[in-house]
Structures are given as C-alpha cells and as structure tokens.
Amino acid sequence: MPYLVAAVVIVGLLCLVNLVLTLAVIRRLRAHTLRLSELGPTRPPTVQPGTTIGEFSATTADGGTVSRAFFSGISVVAVFSTECASCHELLPEFTSYLADTRPERVLAVVTGDPDEARRFTRELTSATVVVEPMGGPVSRALQVSQFPSFFLVDGDAVVVAADTAPGRLPAVTRR
C-alpha cells in the first residue's frame, strides 16, 4: 500500500510540474503574439512600382461599374479582406490618410463575405468601393497576394508606390 500512495503522489507532482510549465509556455506565446501584432504587416506587397495594372471590370457597391479606365489620374487603391485582422485595424488609418490627402480618385476593394464588407463600405464614404469574392477581377488585376495592400497608381494605370500600411504611401493632394 505505501508503494501505491508514493506512486500517486509522484504522478500528482509530475502533473503539477507539467501544468506550471504549460502555463509558462502559454504566457510566453502571448507575449510573442503581442510583439508580432505591434509590428503589423512587415512585408511589402508583391506588386512593385512600375507594374501596369491589368484589364478588369467590376460592379461597385452602389451599382456602378469600374474598369481600368478609372485610373485617369493619380489614384489611391486599397485592398481589404473581411477575414484579415490587420485590415480592420488599418481601416481607420486609411480613412484618416484619405481625409488628410484628399486624393481625387480612391478605389477600395473589399474581398470576402458581403455582409462583413458592409462595415468597410460604411467607413469608406469617399471611395469607390468594390465588394468581390477572394481572387475577384480587381484583385487579380492588381496581383494582390496579401491583405491589406495599398497602392498609388498614375493615370496610365502604373503602380507608383505600394505598401501594407497607408501611412507609408506618399501623400497625394488634389491639384
């Protein structure tokens, strides 16, 4: 009987040590996750300046049509996903960027669930908004590979600047 009691005590102590170590690992993972989220997206979009945007045609949220002809002047383009946490976090920064720079043309593409996209549409009042499924025509034309992506496009539909944060795009104001 004393051997059985000793075995149960040892197993109980091992379980307690295991629990303490597991809690320490969880705490460390939370700290790393917090650090990574503070960094935000660090990779630039794969579309490099000088890339020409392909042909596309899409229906806007208000029922209009938008195509490559939209880029008849300097334009700001944002591509968001409803499933992307950074997209939700950077939406206010993008609307602030638009308020500060007041560009003539703004195209916002929201991919994913149409019901979730309504929040983006409500916030992006100064933009032409296109809601499309993942890999839709505008996303393909822009060669979007990560979310969010922000572009500055000239009148010839050539990407002038691209980044994953709107604040790092050059400021563009109306002439």
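R168 has a relative accessible area of 47%, so R168 is partly exposed. The cut-offs are simple: buried means under 20% relative accessible area, exposed means over 50%, and partly exposed lies in between, with a 1.4 Å probe and protein chains only. This is a predicted model, where local features need pLDDT of at least 70, side-chain atom pairs count only at pLDDT 80 or more, and totals for chains, interfaces and linings use all residues. Residues are numbered from 1 along each chain as its sequence is written, and side-chain values use heavy atoms, leaving out hydrogens and water.

**Salt bridges**

R168 pairs with D163 in a salt bridge. D163 is buried, at 15% relative accessible area. A salt bridge here is a side-chain nitrogen of Lys or Arg within 4 Å of a carboxyl oxygen of Asp or Glu. Side chains of opposite charge can pair when their charged atoms come close. The structure holds 3 salt bridges.

| Salt bridge | N to O distance |
|---|---|
| E55 and R68 | 3.0 Å |
| D115 and R118 | 3.0 Å |
| R168 and D163 | 3.0 Å |

Take E55 and R68. E55 lies in the loop between α1 and β1 (57-59), and R68 lies in the loop between β2 (65-67) and β3 (75-81), so the pair ties together parts that are 13 residues apart in sequence. E55 is exposed, at 62% relative accessibility. R68 is partly exposed, at 24%.

D115 and R118 both sit in helix α3. They are 3 residues apart, so about one helical turn separates them. D115 is partly exposed at 47%, and R118 is partly exposed at 48%.

Helices (H or I, at least four residues) and strands (E, at least two) are DSSP runs, numbered from the N terminus.

**Two helices**

Two packed helices are described by the angle between their axes and the distance between the axes. Helix α2 covers residues 85-101 and helix α3 covers residues 114-123. Their axes come within 10 Å and cross at roughly 15°. Therefore α2 and α3 are roughly parallel to each other, a term for angles under 35 degrees. Axes are lines fitted to C-alpha atoms, for helices over the stretch in contact, and angles run from 0 to 180 degrees between N-to-C directions.

**A nonpolar patch**

A nonpolar patch lies on the surface. Its members include M1, L4, V5 and I26. Together the patch residues have about 1,100 Å² of accessible area. Such a patch joins nonpolar side chains (Val, Leu, Ile, Met, Phe, Trp, Tyr) within 5 Å, from residues with over 30% relative accessible area and no salt bridge. M1 is found in the segment before α1 (2-39). M1 counts as exposed, at 72% relative accessibility.

Methods: Patches are made of residues with over 30% relative accessible area and no salt bridge: like charges are joined within 9 Å, nonpolar side chains (Val, Leu, Ile, Met, Phe, Trp, Tyr) within 5 Å. Accessible areas come from the Shrake-Rupley method with a 1.4 Å probe; for residues, only the protein chains shown count as cover. Angles under 35 degrees count as roughly parallel, over 145 as roughly antiparallel, 65 to 115 as roughly perpendicular and the rest as oblique.
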